[in-house]
Amino acid sequence: MLGNFLIGLREGLEAVLIVVLLIAYLTKTDRRNLFPRIWAGVAFAVIVSLGFGALLTFGPRGLTFQAQEIIGGGLSIIAAGLVTWMIFWMAGASKTLNQDLKNQVDKAATGSAWGLVMVGALSVGREGLETTLFIWAAARSTGETWRPLLGAVLGLIGAIAIGLLLHRGIVKIQLSKFFTWTGALLVVVAAGVFSYGVHDLQEAAVLPGIHALAYDFSAAIPPSGWLGTVLQGVFNFIPATPWLAAIAWWAYLVPVMFFYLRKTASPPRAAKTRAAAAS
């Protein structure tokens, strides 16, 4: 539940910030009459994301166990890949996101009425589809239905509340640090989703070694106990983990975390240019 809360909070805040920036720019340029187009695009993105979630939840039902595990494992690996791309994209795009959105608004406002609808739909829809797939993969790995969903909904509500407070100027937070730390936590969560996807493919007999265990903590950490539930819900921890799934976890976590921390620790290119010019 905590992992899905984090996903909902971070991804929801990214989408909310995009909407806040769009609304703020339209307000500043005295184009409030274009608000309905932005909201229409946002509503379309939300509907598509909910439909995608329903398809993921109810689509595989009725298939064989092997087919469900193949679909679930494949989508879990795709979800880990998408959230990895999103984390790195946000780390680089956050510095120019505001100006990029302004350019899109200016270009769309002079075109057809559907232009701004597409800006709102694509800006929010990308985050919505990624979030839906990642939450579904994380929820599927825990074997629960309502708790992961509740965590994600609470995270989204928190993101909307923060966005409203930021829009009104009531609170100010260092978004760069917020996205840096939550991004690092999401790398750990994504490593668990990736590992669980490999485990699903092993259960479907697509990959070998389901019975070759790297470790088995089932006796010390029962899967049905509170500690096992928390570890599985946050990090997709599997008490009895095959070697291939364990290797997949480390093979994802170490290089992705290394390159992510190096990217977020490096100073912006403009700062490097100014420093070089000064020297």
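**Note on a predicted helical model**

1. T241 counts as buried, because its relative accessibility is 3%; buried here means under 20% relative accessible area, exposed over 50% and partly exposed in between, with a 1.4 Å probe and protein chains only. T241 sits in strand β2, residues 240-242. Apart from neighbours within four places in sequence, T241 is in contact with L213, A214, Y215 and A246, where contact means heavy atoms within 4.5 Å.

2. This is a predicted model, in which local features need pLDDT of at least 70 and side-chain atom pairs count only at pLDDT 80 or more, while totals for chains, interfaces and linings use all residues. Residues are numbered from 1 along each chain as its sequence is written, and side-chain values use heavy atoms, with hydrogens and water left out.

3. The chain has 10 helices and 2 strands. Helices (H or I, at least four residues) and strands (E, at least two) are DSSP runs numbered from the N terminus. Read from the N terminus, the order is α-α-α-α-α-α-α-β-α-β-α-α. Of the 279 residues in the chain, 43% are buried. Among contacts in the chain with a separation of 6 or more, 81% join residues 24 or more positions apart.

4. The largest nonpolar core holds 28 residues, and V83, I87, F134, L186 and V187 touch the most other members. A nonpolar core is a set of buried Ala, Val, Leu, Ile, Met, Phe, Trp, Tyr and Cys residues joined through side-chain atoms within 4.5 Å. At least two residues of this core come from each of α1 (2-28), α3 (65-93), α5 (114-142), α7 (175-203) and α9 (243-265). The most come from α7, with 8 residues. Leaving out residues up to four places away in sequence, I87 touches R10, G183, L186, V187 and Y260. A second, separate core has 15 residues, including V19, I23, V42 and V119.

5. What is the volume of the largest cavity? The value is about 40 Å³, and the count is 1 cavity of 30 Å³ or more. A cavity is a set of points, on a 1 Å grid over the protein atoms alone, where a 1.4 Å probe fits but cannot get out; lining residues have an atom within 4 Å of a point. Grid points are joined across faces, edges and corners, and a volume is the space filled by probe spheres set on the points.

6. The lining of the largest cavity consists of I7, E11, L82, V83, M86, E130, T131 and F134. By class, the lining has 5 nonpolar, 1 polar and 2 charged residues. Ala, Val, Leu, Ile, Met, Phe, Trp, Tyr, Cys and Pro count as nonpolar, Asp, Glu, Lys and Arg as charged, and the others, Gly among them, as polar.

7. Two helices can be checked for length. The expected span is 1.5 Å times one less than the number of residues. The 23 residues of α9 should span 33 Å, and the end C-alpha atoms of α9 are 33 Å apart, which agrees. For α2 (residues 35-58), 24 residues should span 34 Å, and its end C-alpha atoms are 35 Å apart, which agrees. Buried residues of α9 include A245, Y252, V256 and Y260; those of α2 include F35, I38, V42 and L56.

8. A205 has a positive phi of about 70° although it is not a glycine. A205 lies in the loop between α7 and β1 (213-216). A205 is exposed, because its relative accessible area is 63%.

Technical notes: 1 Å grid on protein atoms, 1.4 Å probe; cavity = no way out; pocket = protein on both sides within 12 Å on 5 of 7 lines; lining within 4 Å.
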